[in-house]
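The following exercises ask for a reading of a protein model, from the whole chain to one residue and its surroundings. Please examine the sequence and the structure before turning to the solutions.

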Amino acid sequence: MLSDKIIHNKIKCRHCGLIMESEFRHDFVAHQCTKAGLISRRYDNDAGEYVPAYPYIAVDGGKDYVRVVGHYDDYEMLTEYEGTTHV
Ligand SMILES: [Zn+2]
């Protein structure tokens with residue numbers, strides 16, 4: 001497990017450039033990017049197949065932990081830890 005202290009828990013949407021930051025534990029920040037095209041990726045249980053959907057990303061955990069929801073194609077990690085710089 002990472003023991004480094006989290007300074008900023010952030011991700012950036014690759015499609016529109018929006019930067020989202022989770023400020024505190026359970027601060028769940030979600031973004032569905034309508035600027036990106038519809039991507040056939042979301043599994044629809046009723047239809048039993050993948051259906052087109054806008055990319056969905058979210059960041060959570062604040063300074064306690066880093067949890068990211070989404071596909072790596074859609075976001076960029078901007079998390080900053082104490083003593084190190086991640087670009
Ligand atoms: Zn976006």
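Predicted model: local features only at pLDDT ≥ 70, side-chain atom pairs only at ≥ 80, totals over all residues.

**Exercise 1.** Determine how many helices and strands the protein chain has, and what share of its residues is buried.

*Solution.* Step 1: the chain has 0 helices and 10 strands. Step 2: of its 87 residues, 15% are buried. Step 3: the C-alpha atoms fill a box of roughly 45 × 25 × 20 Å along the principal axes.

**Exercise 2.** Locate Phe28 and decide whether Phe28 is buried or exposed.

*Solution.* Step 1: Phe28 lies in the loop between β3 (19-21) and β4 (29-32). Step 2: Phe28 has 12 other C-beta atoms within 10 Å. Step 3: a residue counts as exposed at 12 or fewer, so Phe28 is exposed. Step 4: leaving aside residues up to four places away in sequence, Phe28 touches Ala58 and Asp60.

**Exercise 3.** Describe the faces of strand β7 and its pairing with β4 and β8.

*Solution.* Step 1: in a regular strand, side chains alternate between the two faces of the sheet. Step 2: in β7 (residues 56-60), Ile57 and Val59 form the covered face, while Tyr56, Ala58 and Asp60 form the uncovered one. Step 3: β4 pairs with β7 in the antiparallel sense over 4 bridges, and Val29 has Val59 as its bridge partner. Step 4: β7 and β8 (residues 67-69) run antiparallel, joined by 3 bridges, with Asp60 opposite Arg67. Step 5: β7 and β8 form a hairpin with 6 residues between them, and Gly61 in the turn has a positive phi of about 115°.

Key: Residues numbered from 1 in each chain as written. Helix = DSSP H or I, 4+ residues; strand = E, 2+ residues; numbered from the N terminus. Buried ≥ 20, exposed ≤ 12 C-beta atoms within 10 Å, placed from the backbone. Contact = placed C-beta atoms within 7 Å. Pairing = 2+ DSSP bridges.
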